[in-house]
Amino acid sequence: MADDTDIPTLRRILGTCRTLAVVGLSANWYRPSFFAAKYMLDHGYKVIPVNPAYPEVLGQKCYPSLGDIPVKVDMVDCFRKSEEIPTIAEEAIAIGARVLWMQLGVVNEAARTRARAAGLDVVMDRCVKIEHARLFGGLNWIGVNTRVISSKRPRWLAY
């Protein structure tokens with residue numbers, strides 16, 4: 001089932017949830033999780049990496065699981081396979097998170113039902129970076145003025 005989260009709810013979630021635990025955050029700069037987390041860091045959010053493979057990602061201490069995080073987490077942002085989400089949803093409920101956010105391509109109806117029953121807001125099959133950029137004006141963040149993409153013809157071309 002496609003995500004049915006409406007725009008006012010997305011605005012409320014992104015406007016009030018300032019501490020994000022990113023489950024599956026990779027230290028590789030070319031991975032979507034890295035790019036999304038960097039964007040959120042650069043826009044004033046506190047990002048807590050959750051990945052047992054790394055001691056640190058993006059200059060932030062990395063934790064092996066949600067239960068190991070010593071601070072209150074508002075949102076659990078999942079970059080994991082759909083079949084792993086029920087376990088993550090249970091951990092999110094246990095730590096008192098307010099939102100379970102499943103990234104693009106991640107859909108698990110059982111986890112959604114369980115998290116909603118526990119009082120969490122659930123967003124499924126959406127990218128936190130894309131939604132923030134769309135709703136809060138960050139679409140230009142990727143670098144419009146880099147001169148990599150331009151409508152002007154380069155002077156060095158012969159035509």
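Predicted model: local features only at pLDDT ≥ 70, side-chain atom pairs only at ≥ 80, totals over all residues.
Local features are described only where pLDDT is at least 70 and side-chain atom pairs only at pLDDT 80 or more, while totals for chains, interfaces and linings use all residues. Numbering starts from 1 along each chain as its sequence is written, and side-chain values use heavy atoms, with hydrogens and water left out.

**View 1. Asn51 in the loop between β2 and β3.** Here we're looking at the loop that links β2 (46-50) to β3 (56-57); strands are DSSP runs of E, at least two residues, and helices are runs of H or I, at least four residues, numbered from the N terminus. Asn51 has 14% relative accessibility, so it counts as buried (under 20% relative accessible area, with a 1.4 Å probe and protein chains only). Its side chain reaches the backbone oxygen of Leu25 at 3.0 Å. Neighbours within four places in sequence aside, Asn51 is in contact with Gly24, Leu25, Cys62, Tyr63 and Pro64 (contact means heavy atoms within 4.5 Å).

**View 2. The largest nonpolar core.** A nonpolar core is a set of buried Ala, Val, Leu, Ile, Met, Phe, Trp, Tyr and Cys residues joined through side-chain atoms within 4.5 Å. At least two residues each come from α1 (7-16), β1 (19-23), α2 (32-42), β6 (99-102) and α5 (128-136), with α2 giving the largest share, five residues. A second, separate core of 23 residues includes Val50, Cys78, Leu100 and Val122. Back to Met75: apart from neighbours within four places in sequence, Met75 is in contact with Ile13, Leu14, Cys17, Thr19, Leu20, Ala21, Val99, Trp101 and Val128.

**View 3. Helix α3 against helix α4.** α3 (residues 85-95) and α4 (residues 109-117) pack at about 10°, axes 8 Å apart; axes are lines fitted to C-alpha atoms over the stretch in contact, and angles run from 0 to 180 degrees between N-to-C directions. The two helices are therefore roughly parallel (angles under 35 degrees). On the α3 side, Ile85, Pro86, Ala89, Glu90 and Ile93 meet Ala111, Arg114 and Ala115 of α4.

**View 4. Helix α5 and what follows it.** The buried residues in α5 are Val128, Lys129, Glu131, His132, Ala133 and Leu135. They pack against α1, β1, α2, β5 (75-78) and β6. After α5 comes Gly137, with a positive phi near 80°.

Conventions. Buried < 20%, exposed > 50% of the residue type's maximum accessible area, 1.4 Å probe, protein only. Polar contact = N/O pair within 3.5 Å; in protein donor to acceptor, adjacent residues only side chain to side chain. Parallel < 35°, antiparallel > 145°, perpendicular 65-115°, else oblique.
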